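Reader: I have a chain open in my viewer. Take me through its features, with the cut-offs behind each term.

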Amino acid sequence: SQVWGHDRPKVWPDLEDLQGWHRERLKEVFEEFRNCTMISVSLAAFCKLLRFENRGRAELAFDLFDPKGGRADFLSIIGPMVIMSNQHFVSRASLLFSIYDFNSSGTLNRAEFFIAMRTLLKGCSHFCDGFTPPSLGEIERITTSIFNKIDSDKSDLISLGEFLAFVYRSKTFRNLAAPFSSHDGRIYEEQVWFAGRGVNLDTLSMKTTRQLEKKLKHKLRLTPDPPEEDNTRRWRRPRHRGRRRPWRQPAAVSRSHAWILWRFFCHLADGRTIPIKDLRQILSDDLRAAAALEAAVGKQAPGQQEDLLDRPEGVNRVLQHVSLSITGGHVRTRLEDLLETGTTKLSLRALCCVVWPHIKEADIETCMGWCRAYQAQSTLQEVLRAIREEDVELDVEDIDELFEAIDSNGDGQLSLDELSNMGHLDISTARRLVDRLDSDANGSLSKAEVKSLIHQLDIAFKEQFKAAFAAAQMPQKEMLQQQH
């Protein structure tokens with residue numbers, strides 16, 4: 001709700017230089033911090049990380065963070081700096097998620113989420129005159145409530161997409177960021193993968209996890225035993241913390257719903273976003289909105305060849321339901337709310353959140369997965385058109401998405417198995433592709449090697465490449481089943 005109360009937060013004058021930073025500068029600072037050996041920083045490290053040129057000003061700023069033993073908690077510094085940065089509120093959220101994903105797993109567990117809440121609120125109390133953070137008990141209660149709301153499948157992990165769906169819908173994060181204006185309206189929804197070891201952050205996450213687990217175990221007990229003493233050895237950093245959830249069909253939306261909304265988005269999109277003013281104009285008239293939806297569903301997707309991609313089963317059955325969702329008054333209300341934050345464009349994820357405000361965050365991510373599959377199919381058609389020497393300009397990001405759709409293990413390479421299983425090429429065709437394009441002779445294809453073919457379009461190899469990927473053409477239903 002109202003994080004700051006009724007008064008606008010006032011940043012201490014000695015810390016004003018730490019607000020309004022740009023995304024790239026914050027990324028550089030945190031990547032450098034990940035190589036530090038401790039969570040806290042000395043005055044010297046504080047000056048170096050935050051690029052203070054005046055020692056006196058640095059000392060005044062450092063003292064405001066209540067250093068203990070000459071050291072200050074850096075997470076309580078960088079976290080609020082992101083909140084107060086010159087970024088769209090969604091971009092701030094994605095960067096915060098990336099920072100607190102200490103082991104770069106692509107998810108946050110309860111400990112990481114608790115650390116994020118605690119250090120953000122603690123840091124804001126140091127930055128802003130008169131702001132008192134909640135008690136640790138209250139922070140734990142708030143954290144548990146928010147985490148449980150996002151983690152609808154009870155996996156004890158939340159993904160970036162689920163977190164962003166929460167941010168788009170809830171005013172809690174927007175209220176936290178709202179007092180700090182931004183002139184950069186660009187929206188970043190992708191995770192930032194930081195270099196550096198981050199061992200100190202992993203250790204903090206492990207320690208907090210053990211503390212939360214011990215507290216929960218003690219609460220569940222009916223015996224008078226006190227909490228155990230922690231005499232165990234320090235945990236090693238896990239090599240992998242993969243997230244494999246059992247897939248569940250969303251209750252309220254289907255592949256057909258996702259396909260219709262994806263086509264509607266492609267129909268209106270200017271690049272990878274829809275201008276809100278254009279969408280508002282269309283939704284101001286129900287007949288105009290229905291016509292736009294009908295045109296979107298009836299027209300070919302970008303780069304699509306006739307009859308190569310069939311619509312999913314059940315589109316006609318759910319089309320009216322999607323139309324009612326898009327033209328509902330709740331959509332116009334939420335667009336007005338976003339405009340008040342300075343948001344002028346909608347991403348596909350934002351459109352899903354606006355149109356379906358009550359479905360679970362995990363279900364929004366399922367819809368996004370379906371849409372990525374449809375987009376990959378559409379991009380493949382665009383690749384084929386380019387190979388046929390039609391006048392099509394391929395977007396490098398589209399090629400990246402197509403590559404990642406086939407690169408099932410995410411190692412940055414296309415193996416023979418992936419080309420055969422995910423790309424539906426026969427093994428001999430896949431081997432010919434690798435033999436022809438594998439410039440470093442490592443037995444697989446990198447993005448650079450694939451893109452070299454797309455950009456250069458080797459004349460002698462055109463027909464072979466065209467024939468190879470023609471084998472990947474199959475009914476949409478079969479391809480989508482591969483995703484699960």
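Reader: How much of the chain is buried?
Author: Buried means under 20% relative accessible area, exposed over 50%, and partly exposed in between, with a 1.4 Å probe and protein chains only. Buried residues account for 49% of the 484 residues here. This is a predicted model, in which local features need pLDDT of at least 70 and side-chain atom pairs count only at pLDDT 80 or more, while totals for chains, interfaces and linings use all residues. Residues are numbered from 1 along each chain as its sequence is written, and side-chain values use heavy atoms, with hydrogens and water left out.

Reader: How many helices and strands does the chain have?
Author: Both are DSSP runs numbered from the N terminus: helices are H or I with at least four residues, strands are E with at least two. The chain has 23 helices and ten strands.

Reader: What share of contacts joins residues at least 24 apart?
Author: Contact means heavy atoms within 4.5 Å. Taking contacts between residues at least 6 apart in sequence, 75% join residues at least 24 apart.

Reader: What span should helix α14 have?
Author: The expected span is 1.5 Å times one less than the number of residues. Helix α14 has 13 residues, 315–327, so it should span 18 Å. Its end C-alpha atoms are 18 Å apart, which agrees.

Reader: Which residues of α14 are buried, and what covers them?
Author: The buried ones are Val315, Val318, Val322, Ser323, Ser325, Ile326 and Thr327. Their cover includes α11 (255–268), α12 (276–283), α13 (286–298), α15 (329–340) and α16 (348–355).

Reader: At what angle do α11 and α14 pack?
Author: Axes are lines fitted to C-alpha atoms, for helices over the stretch in contact, and angles run from 0 to 180 degrees between N-to-C directions. For α11 and α14 the angle is about 60°, with the axes 9 Å apart. That makes α11 oblique to α14. Under 35 degrees counts as roughly parallel, over 145 as roughly antiparallel, 65 to 115 as roughly perpendicular, and the rest as oblique.

Reader: Which residues make the contact?
Author: From α11 come Ser256, His257, Trp259, Ile260, Leu261 and Phe264; from α14 come Val315, Val318, Leu319, His321, Val322 and Ile326. They divide into nine nonpolar, three polar and no charged. Here Ala, Val, Leu, Ile, Met, Phe, Trp, Tyr, Cys and Pro count as nonpolar, Asp, Glu, Lys and Arg as charged, and the others, Gly among them, as polar.

Reader: How do the axes of α1 and α5 cross?
Author: Helix α1 (residues 23–33) and helix α5 (residues 89–100) cross at roughly 10°, their axes coming within 12 Å. That makes α1 roughly parallel to α5. Arg23, Leu26, Lys27 and Phe30 of α1 meet Ser91, Ser94, Leu95 and Ile99 of α5. This contact has four nonpolar, two polar and two charged residues.

Reader: Is Leu351 buried or exposed?
Author: Leu351, in helix α16, has 2% relative accessibility, so it counts as buried. Leaving aside neighbours within four places in sequence, Leu351 is in contact with Leu261, Phe264, Phe265, Ile274, Leu279 and Leu346. Leu351 and Ile326 are 25 residues apart in sequence and 9.3 Å apart in space, C-alpha to C-alpha.

Reader: What is the phi of Arg51, and of Lys154?
Author: Most residues other than glycine have a negative phi. Arg51 has a positive phi of about 60°. Arg51 sits in the loop between α2 (43–49) and α3 (55–63), and counts as partly exposed at 36% relative accessibility. Lys154 also has a positive phi, near 60°. Its place is the loop between α7 (136–150) and β6 (157–159). At 62% relative accessibility, Lys154 counts as exposed.
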